Amino acid sequence: MEALAKSDFIAKEEKAAKPFVLWRPSAKTGLISWLTTIDHKRIGFLYGASGLLFFIVGGIEALLIRLQLMVPNNTLLTSAQYNEMFTMHGTTMIFLVVMPIGAAFFNFIMPLQIGARDVAFPRLNAFSFWTFAVGAIILNLGWFMKDGAPDAGWFGYAPLTTRTFSPSHAIDMWVMGLQLLGVASIAAALNFIVTIINMRAPGMTMMRLPVFTWMTLFTSFLIVLSFPAITIALIEIMMDRLFGTNFFEVSNGGLPILWQHLFWVFGHPEVYILILPAMGIISEILPTFARKPLFGYPIVVFSGASIGFLGFGVWSHHMFTTGMGTAATAAFAFMTMAIAVPTGVKMFNWIGTLWGGHLRMRTPMMFAIGFLWMFMIGGLSGIMHAAAPADAQQHGSYFVVAHFHYVLIGGSLFALFAGIHYWFPLMFGRKVSEFWGKLSFWVIFIGFNVTFFPMHFLGLEGMPRRTFTYDSNMGWNTGNFWATMGAITLGVGVAIYFITLIYTYYKGERTIKDPWDARTQEWSLPNPPPEYNYAVIPTVHARDSWWYTKRHLDEYKKETSDHLKDDEGHGGIHMPFQSIYPFFAGCGIFIASVGIAIVDFADPAKYPGFWGPKVATTIVGGAIMFISVVLWAIEGNDGYHLHLNPDGSVRGEDHSHAKAH
Amino acid sequence: MTTAVATIDHHHDPTTTTGIPNKKLLMWAFLASDCMFFGCLISTHLIYRLHPPPGTPPAREVFSIELTSFSTFILLMSSLMMALAVNAIQKGNLKSLRWSLLTTIFFGCIFLGCQVFEFTNFVHEKHLTITNSILGTTFFTLTGTHGLHVLIGVIWLTGMLIYSFTGRLQEKDAIDVEMMGLYWHFVDIVWIVIFTAVYLLEYI
């Protein structure tokens with residue numbers, strides 16, 4: 001077999017010469033290796049690093065908001081600056097923090113959990129990341145320009161976002177940035193769907209998938225089906241702003257309520273896009289540290305599916321005060337109450353998992369249990385909003401702010417923090433110190449509650465959202481003061497968390513393989529996992545596959561040696577080539593977006609007719625993108641083969657242009 | 001070493017878990033997403049149709065149903081040729097593949113030409129522009145987005161036609177043509193919906 005593979009290699013060598021534009025980068029370290037990477041683990045790392053970076057940006061915005069509101073009639077920020085702060089805080093935390101950190105786990109962990117060597121379309125995956133990066137940059141460019149940052153709220157309600165009311169480029173950048181983030185999310189989600197359905201290891205049936213992988217699948221479907229709504233809404237507002245169409249122009253028959261509907265048709269599934277990955281992470285951590293299988297696995301999976309399904313039928317509960325009429329209001333109120341049922345079912349399943357377990361209170365488990373408690377509080381205040389008459393009172397008040405921070409910080413973020421601690425040993429081979437991890441948990445937990453619990457009362461006392469200051473006689477002074485003290489504590493906690501992570505990355509204690517004695521397949525890998533993930537594709541025999549393997553080692557060893565022979569028979573491990581074109585396409589998109597969103601329409605006296613700097617920039621960027629995509633297609637999805645020694649080290653690379661299987 | 005197999009099974013891919021080729025699954029999932037894109041645009045058109053501001057020209061006076069019916073027929077025939085192209089490559093008949101692809105491209109171009117003519121005619125003769133009425137806004141945005149899909153399809157098909165001459169497109173690559181076919185049929189089906197909801201609805 002070896003001889004055959006070798007002769008094949010020599011025979012194909014002659015036609016390996018390719019034109020220079022089809023340069024195949026092969027750097028394994030350094031800048032080029034990162035720009036051309038198509039390794040799902042590296043892309044996951046890039047997503048995670050960007051998410052954490054923007055978490056600092058969004059956190060500073062949040063602290064400035066809280067400092068402004070600490071005392072009545074404060075003048076730290078002007079009203080205009082305050083508008084920029086809350087708009088960018090919301091947009092950043094949702095699109096540039098929680099979603100990319102979720103995507104980091106999808107990329108890094110999901111293929112390992114299903115026993116795959118990469119995602120289905122590795123170059124598309126790289127393209128998703130670069131498009132995401134461009135979108136994030138476009139969104140934040142305004143801070144460095146005289147136009148300023150976007151300031152119309154993260155929901156961007158028309159007609160506030162039309163040119164009449166927001167003439168500066170800030171809104172153009174917001175529109176363009178969000179569209180790119182949508183493209184990036186949809187491309188990534190399509191990739192994950194195909195990967196989960198089609199690239200599972202032998203024996204990994206759907207009902208043996210780890211719950212985190214299930215939640216990745218549901219989230220991907222939600223992204224694919226909900227992001228088009230906001231993309232169309234953004235295209236409509238963009239047409240209004242650039243070409244003077246009438247979608248939201250009331251004097252010509254436009255209906256601003258349409259924006260609200262399209263936005264929330266996306267916006268509510270988005271809420272589940274933010275929380276389902278968190279639920280998946282929790283469903284991995286609780287069984288590992290409770291030393292029990294997940295209680296009611298099928299029910300957890302199916303309730304995830306019903307949350308995703310019902311999530312498309314509740315969007316108008318964001319619009320109870322718009323006067324939709326009694327029937328619509330009642331229907332959406334009913335659906336909103338119904339969606340609490342599968343969520344509650346999950347909550348009881350997690351409690352059932354803890355019940356009677358031998359709990360090991362390590363840092364990930366602390367965050368996971370914090371999640372259960374805080375997310376439940378957020379869920380309970382959410383149920384209050386389902387009652388339309390009560391919601392009419394709470395709408396636009398700090399009560400709503402308290403609610404969604406309990407589900408987004410106490411829910412999503414706690415789970416993501418838990419996940420970072422949980423998978424850190426696998427990703428980097430080092431373990432976060434228990435003392436500093438637990439300290440950061442308690443400071444974050446206390447700071448979070450001190451910040452957001454008083455907001456329930458502030459809201460019920462009538463304090464409106466998005467107000468940049470208030471008078472001292474409104475009775476809101478104490479609550480706001482404590483909320484700001486809490487926010488500072490929360491900031492300190494997050495700082496401890498981050499410094500601990502960075503310290504651990506460089507100097508932390510090295511760990512053994514599978515330090516938590518976990519259950520899912522990714523822990524069978526050495527840490528950090530090698531480029532090819534699995535030297536031998538595992539065979540899955542049970543739901544908690546690694547747990548099963550650890551108790552059937554003889555069977556495992558025999559299968560492994562059989563499969564190793566099979567792999568060598570196929571010419572070794574197939575690895576896809578790196579590619580620079582996803583990055584070039586991203587550069588083209590960046591130039592085109594700058595043209596569309598930022599460059600001014602030219603003075604008609606100077607540039608008569610169609611051509612001007614705006615059109616030229618856009619066309620140049622578009623052309624770079626088009627050429628990159630064409631070259632991407634021409635270079636093809638070739639790869640090379642790796643041959644491993646029995647101990648897993650690489651014996652040789654076979655660079656004959658083997659077509660991807 | 002299974003390079004020289006006598007027949008290729010075009011309906012089952014042994015390297016994937018489900019046997020469905022990855023590219024086909026990707027295209028189906030993308031089309032689900034594209035349904036939502038067009039769904040939002042068509043909904044926008046239908047909602048605004050119910051609330052015309054005073055002074056909006058009646059759509060029936062603007063449309064030319066004869067021309068649009070013709071271009072619809074041509075687009076449907078292009079779907080037939082696309083299906084023949086998929087069939088041809090699955091049988092390894094490259095000559096037939098090239099003719100089918102060429103005809104599909106030709107029909108796609110006729111459709112685009114009709115649309116360009118229609119747009120120019122509406123703007124210059126019927127005075128319906130994208131800015132002067134809500135009908136113009138939704139009509140041009142919706143049909144323009146569909147035209148963009150057809151254009152992308154034509155470019156993609158042209159690339160395939162070129163590949164069929166350079167040897168990059170052979171029987172084993174039938175899935176690439178099949179994936180393209182899914183896209184093309186989808187764009188056709190969307191046009192049937194648009195033709196019904198935008199044009200025919202005005203004649204009821």
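**Reading a two-chain helical model**

Q: Which pattern does chain B follow, read along the sequence?
A: Happy to start there! Read along the sequence, chain B runs α-α-α-α-α-α. In other words, chain B has six helices and zero strands. Keep in mind as we go that this is a predicted model.

Q: How many of the residues of chain B count as buried, and what box do its C-alpha atoms fill?
A: Let's take the box to begin with. Along the principal axes, the C-alpha atoms of chain B fill roughly 70 × 35 × 25 Å. As for burial, 35% of the 204 residues of chain B count as buried.

Q: How do I read the packing of two helices, say helix 5 and helix 6 of chain B?
A: Start with the angle and the distance between the axes. Helix 5 (residues 134–166) of chain B packs against helix 6 (residues 174–199) of chain B at about 160°, and their axes are 11 Å apart. Angles over 145 degrees count as roughly antiparallel, so helix 5 of chain B is roughly antiparallel to helix 6 of chain B. The crossing of helix 5 of chain B past helix 6 of chain B is left-handed.

Q: Which residues make that contact?
A: On helix 5 of chain B they include B:Phe139, B:His146, B:Gly153 and B:Trp156, while on helix 6 of chain B they include B:Met180, B:Trp184, B:Trp191 and B:Ile194. By class, this contact between helix 5 and helix 6 of chain B has 15 nonpolar, four polar and no charged residues.

Q: At what angle do helix 7 and helix 8 of chain A pack?
A: Helix 7 (residues 211–243) of chain A and helix 8 (residues 256–290) of chain A pack at about 165°, with their axes 8 Å apart. These two helices of chain A are therefore roughly antiparallel to each other. Helix 7 of chain A passes helix 8 of chain A in a left-handed crossing. The contact of helix 7 with helix 8 of chain A has 24 nonpolar, five polar and two charged residues.

Q: How many residues does the contact take from chain A and from chain B?
A: Look at each side in turn. Chain A gives 32 residues and chain B gives 30 residues. On the side of chain A that touches chain B, helix 6 (169–198), helix 7 and helix 8 of chain A each supply at least two residues. Helix 7 of chain A gives the most to that side, with nine residues. By class, the side of chain A that touches chain B has 21 nonpolar, nine polar and two charged residues.

Q: Which residues of the largest nonpolar core touch the most other members?
A: The largest nonpolar core has 227 residues, and those touching the most other members include A:Val98, A:Ile193, A:Leu262 and A:Phe371. Helix 13 (residues 398–428) of chain A gives the most to this core, with 21 residues. Now zoom in on one member. Leaving aside neighbours within four places in sequence, A:Ile193 is in contact with A:Leu217, A:Ser220, A:Phe221, A:Val224 and B:Ala29.

Q: Where does A:Glu434 lie?
A: A:Glu434 lies in helix 14 (residues 434–460) of chain A. With 13 C-beta neighbours inside 10 Å, A:Glu434 counts as partly exposed. Beyond its neighbours within four places in sequence, A:Glu434 is in contact with A:Arg362 and A:Thr363.

Technical notes: Residues are numbered from 1 along each chain as its sequence is written. Chains are lettered from A and ligands numbered from 1 in the order in which they are written. This is a predicted model: local features need pLDDT of at least 70, side-chain atom pairs count only at pLDDT 80 or more; totals for chains, interfaces and linings use all residues. Axes are lines fitted to C-alpha atoms, for helices over the stretch in contact, and angles run from 0 to 180 degrees between N-to-C directions. Helices (H or I, at least four residues) and strands (E, at least two) are DSSP runs, numbered from the N terminus. Angles under 35 degrees count as roughly parallel, over 145 as roughly antiparallel, 65 to 115 as roughly perpendicular and the rest as oblique. A crossing is left-handed if the near helix is turned anticlockwise from the far one by less than a right angle, and right-handed if clockwise. Ala, Val, Leu, Ile, Met, Phe, Trp, Tyr, Cys and Pro count as nonpolar, Asp, Glu, Lys and Arg as charged, and the others, Gly among them, as polar. A residue is buried if 20 or more other C-beta atoms lie within 10 Å of its own, exposed if 12 or fewer, and partly exposed in between; C-beta atoms are placed from the backbone. Two residues are in contact if their C-beta atoms, placed from the backbone, lie within 7 Å. A nonpolar core is a set of buried Ala, Val, Leu, Ile, Met, Phe, Trp, Tyr and Cys residues joined through C-beta atoms within 7 Å.
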